[in-house]
Amino acid sequence: MSCIPSHRPIPLMTSPPIVHPLTSLPPQLLAVLKQTTDQHLQDAIGAIITSQYASSSPDLADFRSTVRDKDMKEDSTVLSDFRNLVPLTDYEAYRPWMAKFFEPPCKLSEVENLLAPGLPSYFAVSSSTSGSKPKHFARYIGSTGLIRAAEDSVRSSTLTGTIAPVFSLSYRDIVDVIAASGEVVKKIPVSIASSGFLRKCEGWNVETDNTRMASMSECPLDQDTTIEGH
Amino acid sequence: MIHAVICVVPYHTVPWATGLISHHRSFLLIHALFALANPTLERIYMTFVTFFMDMIRYMQEEWDVLLSNIRDGTIPDIDHIGHVRDYLQVGVYETFNQ
């Protein structure tokens, strides 16, 4: 049995290729990088500006007043305003907001549009490697413009065999979001980031896990997907 | 900023329930079992290289057991998989007999 596809040349014993790492990007790539970064930032600001957090955080007071009458989607001066007026914050600025999700009952009226539009897809738990307390990150997949397909990532057209994906689908807890009627409107899993992301991409809601238990997991995603956050 | 890339077809077939094993060693051993049982395996794909190193180490520790299980079409007698064992056994029938 061989794991090497027959059409793929087997490397001969040669000296390693000489590599000359670039110390900076060529101007064309640099321009593309800047444009893409700016577009993502502008999309994210435009989406998040209406959240409860962005509407009331003291850290964003100067920024809010400056961009109040601007077109958040089209006016590029929003970006320079953001960079000039929004101070660097750390997790402690968000901890009180995150706590609202974890103080039962988690009421829809209190947590809807809290940090971004709608409700989080999942809560990612950090590995607690910095600081003593674990951190929770509310991941709003689909409402912040921060998810996109990456055309140039790890897909390989020469792949002829199969891949063994090793991803957890476990979760540590579930946050029930409750409407005024008392009905649970959403069950949000608390998990490591990759588990929550894979579940979101596949539509594998925690409440329907029993329908998948006996199935085989195949071709979870049909495209390479890159997620950026925090 | 966290940057993770998830993905790629074609995926190797594993029982969906494998993802619900929380215990690190058992999680990796069961994934190793289905990976080893697949004669066309080309890649093992995971988030962190330390997980891969752990998987290889556990694979070495349980090598004879894994081979016996693949030969017999059984699931290893290890802890922390009781909640998914029956579903894994179904996966064995579908995967090992290909």
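**Domains of chain A.** The contact between them takes eleven residues from domain 1 of chain A and twelve residues from domain 2 of chain A, where two residues are in contact if their C-beta atoms, placed from the backbone, lie within 7 Å. On the side of domain 1 of chain A that touches domain 2 of chain A, α1 (27-48) and α2 (52-56) each supply at least two residues; helices (H or I, at least four residues) and strands (E, at least two) are DSSP runs, numbered from the N terminus. The largest share of that side, five residues, comes from α1(A). I sorted the side by class and found four nonpolar, five polar and two charged residues, with Ala, Val, Leu, Ile, Met, Phe, Trp, Tyr, Cys and Pro counted as nonpolar, Asp, Glu, Lys and Arg as charged, and the others, Gly among them, as polar.

**Model and confidence.** I note that this is a predicted model, in which local features need pLDDT of at least 70 and side-chain atom pairs count only at pLDDT 80 or more, while totals for chains, interfaces and linings use all residues. Residues are numbered from 1 along each chain as its sequence is written, and chains are lettered from A and ligands numbered from 1 in the order in which they are written. Chain A averages a pLDDT (the predictor's confidence in each residue, from 0 to 100) of 84, and 82% of its residues score at least 70. Over residues 219-230 of chain A the pLDDT is below 50, yet this stretch has 41 contacts in the model beyond near neighbours in sequence. Where pLDDT is low, the predicted coordinates should not be read in detail.

**Backbone of chain A.** I looked up the peptide bond from A:Pro104 to A:Pro105, which is cis, with omega near 0°, and placed A:Pro105 in the loop between α5 (95-99) and β1 (106-107) of chain A. A:Asn113, although not a glycine, has a positive phi of about 55°, and A:Asn113 lies in the loop between α6 (108-111) and β2 (122-125) of chain A.

**Helix pair in chain B.** The contact is made by B:Ala32, B:Leu33 and B:Leu36 of α1(B) and B:Leu66, B:Asn69 and B:Ile70 of α3(B).
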